[in-house]
2 protein chains.
Amino acid sequence: MATQISRRNAIQSLLAMAGGAAVYEGVRSVMNTPAFGGQSFNAGTLGQAHAALGNWVYLTPQKLGGGTHCCDMGTGKTLAWISYWNYGDTCPISHHLAAYPSPDPYKGFEFINSTQGGKNVMIYGLPTRIQSRGILDRYGQGNNIYRVYFDGQSMNLIENVAETTGMGLGVHTVIFPDGKGFAGADGQKDVCAFFDRPGLTEKTKVQMAFRGDWVPNNKNDLDKTWMEGGTLRLVRLSPATETGKFELEGTRGNKIDWEMVPMAEHLVWTGRLPGEDPRGLTGLDAVVHHPGNRYSALILRMPSAALIVDRTTWEPVCCLHNPEGSPGNLPIKKVSNSPDTWEVRFEDCKCVGHEAGFSPDGKNFTMMNNIQQNNMAVFDTSDADPRKWKKITWVKDPKWVGDYPSPFHLCFSMDGSKMFVSVLSPKPANSASVVVDTKTWQIIKKFENIGPDCQTMAVTYDGKYVLQIFSGFQRLSTGVFIYTQDTLEPVGYLPNFGGHHDCVIVPRDTRELLNSRCTTL
Amino acid sequence: MATQISRRNAIQSLLAMAGGAAVYEGVRSVMNTPAFGGQSFNAGTLGQAHAALGNWVYLTPQKLGGGTHCCDMGTGKTLAWISYWNYGDTCPISHHLAAYPSPDPYKGFEFINSTQGGKNVMIYGLPTRIQSRGILDRYGQGNNIYRVYFDGQSMNLIENVAETTGMGLGVHTVIFPDGKGFAGADGQKDVCAFFDRPGLTEKTKVQMAFRGDWVPNNKNDLDKTWMEGGTLRLVRLSPATETGKFELEGTRGNKIDWEMVPMAEHLVWTGRLPGEDPRGLTGLDAVVHHPGNRYSALILRMPSAALIVDRTTWEPVCCLHNPEGSPGNLPIKKVSNSPDTWEVRFEDCKCVGHEAGFSPDGKNFTMMNNIQQNNMAVFDTSDADPRKWKKITWVKDPKWVGDYPSPFHLCFSMDGSKMFVSVLSPKPANSASVVVDTKTWQIIKKFENIGPDCQTMAVTYDGKYVLQIFSGFQRLSTGVFIYTQDTLEPVGYLPNFGGHHDCVIVPRDTRELLNSRCTTL
């Protein structure tokens, strides 16, 4: 045992010294010596079923579970996990995440994990004393952006980007197509920001940040605030001179007190989602990137629009408008230099929108139209100039009427021939995963009744399997439903603990990254 | 959709009214209507591998993960989960649990979940600010005993027994063989208590409570406090008259500041585990029950002993002493009535001990001897009078030398012919699960290198599979390793998120309960 213990100490010393990835090769070689095992018992039926899935590291946040874990799909073991309350976060809603590419995820990878917080824990009917105990006040405000590094053994919290930059954004986090940074956003604050990717021991910087504000045509009737059109103002944000930070940590800057859960935009215009400025809400809760790595789309839920920004100039270019019957590409005009402010005019907003994404080949963009419409707008985005991107069709289903069932998240097959779409029904009903032919934009297969609240999907990068996570908003049955990507046959379920809003297979390079949390939400 | 929503509301109303199990039948019948799904996609290889395991609900606490979840083994889905920070517990170390029998666990079951807290979060080398932020002070003291009810849909926290009774015990929880209550214990406080089982909407009461205190022969040398023998005092505890409670919530009553992790008893006698009263420590951290439902064994780690209490009279009977070379059955003598106090004299304590249990047929008791000895004492407990229970042999292995590898947890096959023992190696090395023939008490099979920190096992009640949970103390790879109970062949792994200290298959009746967290730890 002395040998084992001294080896362990050696590993710990190596890790303590480690500032980069060079050390991991050494750690793995020690770990693979017989003293540390490596023998496997996966010869049985369950082991064989796992081995057939291939060696993928499947990373999923737990939402109200408060942490994130990753599964080694090829063995069925949990590779590692992190629980944010361990670090003194008293209300850690592990919300969305994205992983940077790593040549061998089993040896190490880095991911970005946003957390909600504050009153979002109160919206699921839990009989909890967390608010009356004052636990939400100081270290429970959430909107943290955790950088976590899996070092081949454990997940380690290496930075809270919200604390470093003052930019507290609790919703989607999406890696740039070159893997050199990420975008974050928050639909309660209407703020998005673009962050660089520093070394493991360095601190993150904000490259650029914007806020969206809505100026309605009808300023009297809350229920017509968006429906009757208005002006979207995009404002460039700067850090406070004195602190060098954005002063948007925690709940600071919230226009509404908690998130609009899917298909809950109507709570805003019916006056049932209070806050500082519901009438100014755009619902800017995400950014997705065109695979060309120049343009990013700022996703605006209230007008169902996607504002395209050029990341080489940090100037907005145009605005895609998704509803059926609305113009597809709206111009944007600069109206002020102090601060930089641009405006987009909307004649009307026929519906709200939500999740969105580009196909990994860059030829299409799609976004969900919800509530008043219930379809997916499809754009042709093959032109080099986003101002020429055109709305070409809508994915529809005779069942998509009323609020539910409603198309929700999307991803694409590795060859681009299929789009996979989760279709949400309200809990405790089970949700679905459907398959769309990207030549005809018709639904060709449905897996219904998978589990409550199907959220994002991931495709194994060998193009063999689709992983559909389902979660429960937030405390029903959960897991991963797996089906074959090409033959569209069910494979089975894997357990997955928590109320999952997202999932990612850790990509090994920027090519795989394009089918990960980069081009789609 | 209107139909679904009204059905959902109906379910919620039903649940709101529910005080007992009668309503669940109704809920399930609604849930099984086509509108709520029920269709399954488990035809694939993974689905078939799960189906072969059978319909068992596998319940596991996450330790530093902060919650508990259960897996539907037959489908591979996570059935439900709970995360205690959601309820305002700022340091919830979900430690041990036990489930009451339920005729159909899929429709509902109740379980008891102890939590550690306070400084225990600090002992795993996490670079955390949880202490400096003051988060451990008020709602992070832990030692909660949560009663949780799974209602067929979600896990619901129905009572914090520590708050109700003032009895805050954070370690093993073990159901009585008749399913009518449970025992809890805490090795930092040296306190154990026996609780009744009230109705779902009623509050728990303490039936009886005891504290163990050590009075060493050698009062000068800390390192000889136990080795040179001494007197074990057992004291009957009563609630404070004014409050009606035991005033032992949170860290109140701790003799040592954090737990003795496995094989860490030497930290106490070498002065490296501080606290109010390390010299008075007995390490009373568990109770297990003889299946006859009359006698329970109070497990004392420091002297490696098990004090037998008659639960019909609440009087102690005798004390089993486990080390090789020590007398096997020590007398106990009442020395005071105010409060009731009994004493057991130990000539010496040749080693410390830890996990223990009775065979479900009641014929044997076994307990691990650790550190100075490294074996399992086996007692013949077939006599109706515990004073006649005899130490008959030791389970040994040529590899069990020094501190590690060390036998840790145990359970028995359904037919009693085999005992399964987890064998701990220090992280990050992988631990093992070995199989002992209960006729010869010889090891007949070893599964080595399963994963870090193999903890408890569960046996499917059809006698087909052994589930060996492995956890990582506390943040390495985790999962469940499954092998066949009779043919002892590997089946494979299931992911399981968190640092698991325990696991239970929810029993369906008191017969199955005997192979659950009742007779063994």
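How many salt bridges does the rule find across the interface of chain B and chain A? Two, counting a salt bridge as a side-chain nitrogen of Lys or Arg within 4 Å of a carboxyl oxygen of Asp or Glu. Some notes follow.

1. Ground rules. This is a predicted model, in which local features need pLDDT of at least 70 and side-chain atom pairs count only at pLDDT 80 or more, while totals for chains, interfaces and linings use all residues. Residues are numbered from 1 along each chain as its sequence is written, chains are lettered from A and ligands numbered from 1 in the order in which they are written, and side-chain values use heavy atoms, with hydrogens and water left out.

2. Interface totals. Chain B puts 89 residues into the contact and chain A 90 residues, where contact means heavy atoms within 4.5 Å. About 7,500 Å² is buried between the two chains, and carbon and sulfur atoms give 60% of that area. Buried area here is the accessible area (1.4 Å probe) that two parts lose on being put together, summed over both.

3. The cross-chain salt bridge worth a look. Over all chains, the rule's count comes to 50 salt bridges. Helices (H or I, at least four residues) and strands (E, at least two) are DSSP runs, numbered from the N terminus.

4. Polar contacts and who supplies them. Between chain B and chain A the rule finds 30 residue pairs in polar contact, both residues at pLDDT 80 or more. A polar contact is a pair of N or O atoms within 3.5 Å; within protein, one must be able to donate a hydrogen and the other to accept it, and residues adjacent in sequence count only if both atoms are side-chain atoms. Elements of chain B that each supply at least two residues of the side touching chain A include α1 (2-17), α3 (45-53), β2 (67-72), β27 (442-452) and β30 (479-484). The largest share, seven residues, comes from β3(B). By class, that side of chain B has 46 nonpolar, 34 polar and nine charged residues. The classes are: Ala, Val, Leu, Ile, Met, Phe, Trp, Tyr, Cys and Pro nonpolar; Asp, Glu, Lys and Arg charged; the others, Gly among them, polar.

5. Four strands of chain B form an open sheet in the order β28-β29-β30-β31, with antiparallel pairing; two strands pair if DSSP finds at least two bridges between them. Its edge strands are β28 (454-459) and β31. Four bridges join β30(B) to β31(B), and B:Val480 has B:Leu494 as its bridge partner in β31(B). Helix α3 (residues 45-53) of chain A lies across β30 and β31 of chain B, running at about 50° to β31(B). Axes are lines fitted to C-alpha atoms, for helices over the stretch in contact, and angles run from 0 to 180 degrees between N-to-C directions.

6. A sheet in chain A. Here the open sheet of four strands has the order β3-β2-β1-β32, again with antiparallel pairing. Strands β3 (77-83) and β32 (504-505) of chain A are the edges. Two bridges link β1 (residues 57-61) of chain A to β32(A), and A:Leu59 has A:Val504 as its bridge partner there.

7. Backbone spots to check. Most residues other than glycine have a negative phi, and most peptide bonds are trans. In chain B, the bond from B:Ser338 to B:Pro339 is cis, with omega near -5°, and B:Pro339 is found in the loop between β18 (333-337) and β19 (340-346). The bond from B:Lys427 to B:Pro428 is also cis, with omega near 0°. B:Asn143, in the loop between β5 (109-116) and β6 (145-150) of chain B, has a positive phi near 55°.
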